[in-house]
Amino acid sequence: MKPLSSNRICWQAAAEVLATAEYQSPVGWLYLAAGAAGLTHLTAAPLTGIALGQGDEAALASAKGHLAEAKVQLDEYFAGQRLGFELMLAPKGTAFQRRVWQALVAIAPGATCSYSELADEIGNPKAVRAVGSANGANPIAIIVPCHRVLGKSGKLVGYAWGLTMKQALLDLETPAAG
């Protein structure tokens, strides 16, 4: 299988969480949530404070389908068979956060950028701190690759799930990018 080299993400309106799942990855347990419109969360911490909504059978089946597809693609990603993702995403966030998250998805696997470069990319070069906050608020880790953002000096900084995980994800992507 030829590795997918870019993300093909379909952004949907924020979805009510209808189903959750756990996933054992090489970087530790991951926790996923989805609604009928797509994946809403992928975190390294158990999903607390997220109430499951009440959907009909079709909506619940759709949410479970998004979780199943995310797990398949994560398996391929961690096996080095996939560098990008093709998923429906439906995270809650402001318009600004969603612009930042869309810019994150455009960072090529194995590549990195700084917060200031990301601010430039979204056309708001003075919003470096706001970009950092939006990056930190990303509810869909790995798939929306906030781990690819480094400090201005090129050093690892600020990753919600720890710098060890951030480095492991970058190491996973780097051999395939060369």
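# Structural briefing: helices, strands, aromatic rings and cysteines

Asn-135 is placed in helix α4, residues 128-136; helices (H or I, at least four residues) and strands (E, at least two) are DSSP runs, numbered from the N terminus. The model is predicted: local features need pLDDT of at least 70, side-chain atom pairs count only at pLDDT 80 or more, and totals for chains, interfaces and linings use all residues. Residues are numbered from 1 along each chain as its sequence is written, and side-chain values use heavy atoms, with hydrogens and water left out.

- Apart from neighbours within four places in sequence, Asn-135 is in contact with Val-100, Leu-104, Tyr-115, Cys-146 and Val-149; contact means heavy atoms within 4.5 Å.
- In helix α2 (residues 95-105), the buried residues are Gln-97, Val-100, Trp-101, Ala-103, Leu-104 and Val-105.
- The cover over the buried residues of α2 includes β1 (10-11), α3 (115-121), α4 and β7 (149-150).

**Aromatic pairs**

- A pair of aromatic rings is described by the distance of the centres and the angle of the planes.
- Across the whole structure, a search finds three aromatic pairs; rings of Phe, Tyr and Trp (its six-membered ring) pair if their centres lie within 6.5 Å, and planes under 30 degrees apart count as stacked, over 60 as edge-to-face and the rest as tilted.
- One of these is the stacked pair of Tyr-23 and Phe-78, with 6.3 Å centre to centre and 20° between the planes.
- This pair links distant parts of the chain, 55 residues apart: Tyr-23 belongs to strand β2 (residues 19-25) and Phe-78 to helix α1 (residues 57-78).
- Tyr-23 is buried because its relative accessible area is 7%, and Phe-78 counts as buried because its relative accessibility is 12%.
- Phe-78 also forms an edge-to-face pair with Tyr-77, at 5.1 Å centre to centre and 75° between the planes.
- Both Tyr-77 and Phe-78 are buried.
- One aromatic cluster is formed by Tyr-23, Tyr-77, Phe-78 and Phe-85.

**Helix α1**

- The 22 residues of α1 reach 32 Å from the first C-alpha to the last, close to the 32 Å expected at 1.5 Å a residue; the expected span of a helix is 1.5 Å times one less than its number of residues.
- An α-helix has 3.6 residues a turn, so residues three or four places apart point the same way.
- The buried residues of α1 are Ala-59, Ala-63, His-66, Leu-67, Ala-70, Gln-73, Leu-74, Glu-76, Tyr-77 and Phe-78.
- At the start of α1, the backbone nitrogen of Ala-58 has a side-chain oxygen of Asp-56 within 3.2 Å.

- Strand β3 (residues 28-35) is largely enclosed by the rest of the structure, because six of its eight residues are buried.
- β3 pairs with β2 in the antiparallel sense over seven bridges; two strands pair if DSSP finds at least two bridges between them.
- Trp-29 in β3 is the bridge partner of Gln-24, and a hairpin through two residues joins β2 to β3.
- β3 also pairs with strand β4 (residues 38-43), in the antiparallel sense over five bridges.
- His-41 in β4 is the bridge partner of Ala-33, and a hairpin through two residues joins β3 to β4.

**Cysteines**

- A search of the whole structure finds zero disulfides; a disulfide is a pair of cysteine sulfur atoms within 2.5 Å.
- Cys-113 is in no disulfide, and its nearest cysteine sulfur, that of Cys-146, is 11 Å away.
- Seen from Cys-146, the closest cysteine sulfur is in Cys-113, and the 11 Å between them is too far for a bond.
- Cys-113 counts as buried because its relative accessibility is 13%, and Cys-146 is buried because its relative accessible area is 7%.
- Cys-113 lies in strand β6 (residues 113-114).
- Leaving aside neighbours within four places in sequence, the contacts of Cys-113 are Ile-107, Leu-118, Arg-148, Val-149 and Leu-150.
- Cys-113 and Gly-132 are 19 residues apart along the chain, with 12 Å between their C-alpha atoms.

Terms used
Buried means under 20% relative accessible area, exposed over 50%, partly exposed in between (1.4 Å probe, protein chains only). A polar contact is a pair of N or O atoms within 3.5 Å; within protein, one must be able to donate a hydrogen and the other to accept it, and residues adjacent in sequence count only if both atoms are side-chain atoms.
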